[in-house]
Amino acid sequence: MVNRMSDAVILRAENIRKVYPGTMALKGVNFNVYEGKVNVLVGENGAGKSTLMKILSGVEMPTSGKFYLQDEELTHLTPKTAAQKGIGIIYQELSLFPNLNVAENIFMNKELLKNKGWIDHGTQELKAKELLRKLEQDINPRSKVSSLKVGQQQIVEIARALAEDVNILIMDEPTSALSKTEVEILFKIIDELKSNGVSIIYISHRLEELIQIGDYITVLRDGELITEKPMSDVNLQWIISSMVGGEASKIFHSGKRQIGDVVLQVKDLFLHGPAEEPLLKSISFDVRRGEVLGIYGLLGAGRTETLESIMGLHREARGKIFLENELLGEPDIKSRIRKGIALVPEDRQREGIVQTMSVSHNLTLPGLWRIVKKKIHISGSDESSCVNETITSMSIKTSNPADSIMSLSGGNQQKVVFGKSLLIQPKVLLLDEPTRGIDVGAKGEIFNIMNDLAQKGLAIIMVTSELKELLAICDRVIVLSKGRITGNFGKEDISEENIVNASTIGHMTTAQRVGGKNK
Amino acid sequence: MKNSIKNNDFSISMILLKMRTIIALILLVIVFTVLLNTTRGINFLHPVNLMTIAKHVAITGIMAIGMTFVILTGGIDLSVGSIVGLSGMIAGGLINEGIVLNMFGGTLYLHVPLIILVCLLLGTAIGGVNGLLITRLNVAPFIGTLGMMYIARGFANIRSGGATFPNLQGKPELGNTGFPILGAGRFLGMPFSVWLMILLMIIAIYIAKKTPFGRHIYAIGGNQRAAELSGIQVKKVTTLVYMFSGFASALVGLIIASQLVAAHPATGESYEMNAIAAAVLGGTSLSGGIGSIGGTVIGAFVIGVLSDGLVMLGVSEFWQNVIKGLVILAAVILDQTQQRINARSSETRDKKQRKIVKSA
């Protein structure tokens, strides 16, 4: 059993604030790491978990706040000095160099040298082999990282963190790409590390896993510390409700929507990716006029791929998609846009906006054919009138539509991405994490716009990892897990517990198998 | 309060920075006029002299217009100089040797307009191959067009075994006279080549500013992924852009061969660099998405005035290269400065706005 009094705090963060342009990611968070324990950190997407970890590992500077390692205050931390202090991190996104081999990756920026300058490849490879053996992986230290499977790459990432003497090891979603047996091995290693006095900060969306492995739990919500407790005092239900927040979030929902005929029908959608297992397995669902359908799932569940397949981005996707009972032909983005399908992509900077263009040119980009005369001439007056209309209706804050899109705040850029999808006058609107990285005020506006659109009869499919949003705005929610639909909930059945349970069906056995070992 | 948030701090220097190419052009003209007048007693601004410069500018300018579209998509076309050479050689061969038809035991000579059409189509087709290499086979533009540069130059030499096709006047009895008119002809006192550049410039400006195709070119260079998701057919647009560049280069090849009344296989060597330099001087960003046709044409004038002025001053060819290089470097450094200032001014404006929102 965990006894709070007997555990020493090894790392203490006080009143950490982090401000990004447009949003405040952390609003004065206190955080404790206990010596030789697993400290679990949970929260919805955007709660500030990853930001906090980036600050602790020296990747980002906090706007204000202090942290202490044992009793020494740490200032001006860089990744290098953090490593010297014994703070290691395993990132959520793989941060390996695919063009280099395993040993070179493990010893990146801590190369073993001989004769004061030459890399000692032999020793590096030997040590890498040893580390990997400890992780029960038969990976050749000389193989290129790009030739490894994603799960193996994750193992290399873990080995890289273990290659140094760590006192504190941060694991940001380390299991998202791992198979069951690999997770078991990882948990065994965590146990071993603990017995050697290493403290571990563990972030995961797989809640069962957290209960198995954690000694302490800290909950973040909207950049604030909600609570910290010994794991023995809490259960799954408690974790979910403190993550989501107690209040019934009905603020956005008006309930006046008229749900009509089926607009979009997806039948037996399959999508093969680079891995052996398909990304999507027999996905079938439909959306009706005026309906907001939510899609929930963990990382890698296939949410984005589902939307992209509907949009026609994946030529290799198999299955049938009907728009107003008409079977859509070969995947082709242009023709699907013209038929009335629009996508607001997940990553605004990478996929949503063209940074070098103005606000107005961004807005009209997918819908130019609507304002073109004789097929080639863009009518300036038509363009500016529909741009101005959108700017007003979406209340985009810009002094001049001819200004660069980069002069807008994140929330307003997102409204531009929304606006450009609406300018094609879609029948189905696909939204992939539409509120990611924007502040609460802009979120509210986006929801009001969604609500208006649904009331006008648009069918909306929204992918989100924020449970609160699903509860707030969706008429129906389907849950994906490892490429399959594992839940389909009507208005009355939408609850945090139902959704979270369904989302872990694909992973459930992992947690159950490992269960009990850590207590 | 809100009206006070305007960044006048940078405005004058920003305008100067933005107009830098045209300012540089005016300065160059003034400097050469004064220097040539005082040292050698030559009138730089004499119409005959200006016309000669304009003829040179047209050569670079036409290629640079095609190159600008390519660079706007984030690509590069190194094959243009070789297409100039090949186009001239094909035209020269068709005029002087015709097409030998073995099965009939005769030789077919084409009319000049048809020859011109064949060469333009050939250039366009080579551009099309460049486009396919880049979009379908995922060859990097630099490498793909580098390969094409060697191939086209190779064929230009193969066509004649490295020899020159001289005397391209054609023969009245073969019905293929008139080729020199393209290079020597004038309309309203200006050579055809200059008119062709003006015509191409007007068409290109219209495409860039007023057509979806032009808008798509800018979008692809700015963010290819976002362009794709907006329904833009990236592969098709990119291929068409390389075809246009090939077409423009073939046109230049014809103009040069016609002006010289001869076709030499080495014609156009290193012209690709002049075309790129003109685009860059005109403010086109090599990373794509930023630039204008008007800027490029001004850039071509800067290069033309600079080279001709230096020649007239008697500066050695070696020093000419050094000076050209320095001018290009200065242009790029200024470009970076402008972008930094742009970023900074929008940042400070953002901060000011946020402060005001807070205090409200």
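A residue counts as buried if 20 or more other C-beta atoms lie within 10 Å of its own, as exposed if 12 or fewer do, and as partly exposed in between. Leu35(B) has 15 other C-beta atoms within 10 Å, so it is partly exposed. Both this and what follows refer to a predicted model.

Leu35(B) belongs to helix α2 of chain B, which runs over residues 20-40. Glu317(B) lies 282 residues away from Leu35(B) along the chain, and the C-alpha atoms of the two are separated by 18 Å.

Chain B as a whole contains 14 helices and four strands. Its radius of gyration is 23 Å, close to the 21 Å given by the globule rule for 360 residues, so chain B is as compact as a globular protein of that length. The C-alpha trace of chain B spans about 90 × 60 × 35 Å along its principal axes. Of the 360 residues in chain B, 44% are buried. Among the contacts in chain B between residues at least 6 apart in sequence, 78% join residues at least 24 apart.

The unreviewed UniProt entry annotates "transmembrane region" in chain B at residues 12-36, 48-72, 78-96, 108-127, 133-152, 187-208, 240-263 and 275-306. Two of these spans can be followed in the model. Residues 108-127 of chain B are 80% helix and 5% strand, with their end C-alpha atoms 27 Å apart. Residues 275-306 of chain B are 66% helix and 0% strand, and here the end C-alpha atoms are 14 Å apart.

Helix α8 of chain B covers residues 192-210. At 1.5 Å a residue, its 19 residues should span 27 Å, and the 26 Å between its end C-alpha atoms agrees with this. The buried residues of α8(B) are Phe192(B), Ser193(B), Met197(B), Leu200(B), Ala204(B) and Ala208(B). Seen down the axis of α8(B), these buried residues fall within an arc of 135 degrees, so they line one face of the helix. Leu199(B) and Ile202(B), on the other side of α8(B), are exposed.

The last topic is the contact between the two chains. Chain A gives 25 residues to the contact and chain B gives 20 residues. On the side of chain A that touches chain B, the elements giving two or more residues are α10 (333-339), α11 (348-352) and β20 (377-378) of chain A. The residues on that side of chain A comprise 16 nonpolar, six polar and three charged.

Note on methods: Residues are numbered from 1 along each chain as its sequence is written. Chains are lettered from A and ligands numbered from 1 in the order in which they are written. This is a predicted model: local features need pLDDT of at least 70, side-chain atom pairs count only at pLDDT 80 or more; totals for chains, interfaces and linings use all residues. UniProt positions are given in the numbering used here, feature names are shortened, and annotations may be inferred rather than shown by experiment. The expected span of a helix is 1.5 Å times one less than its number of residues. The arc is that of the directions from the helix axis to the C-beta atoms. The radius of gyration is taken over C-alpha atoms; the globule rule is 2.2 Å times the number of residues to the power 0.38. Two residues are in contact if their C-beta atoms, placed from the backbone, lie within 7 Å. Ala, Val, Leu, Ile, Met, Phe, Trp, Tyr, Cys and Pro count as nonpolar, Asp, Glu, Lys and Arg as charged, and the others, Gly among them, as polar.
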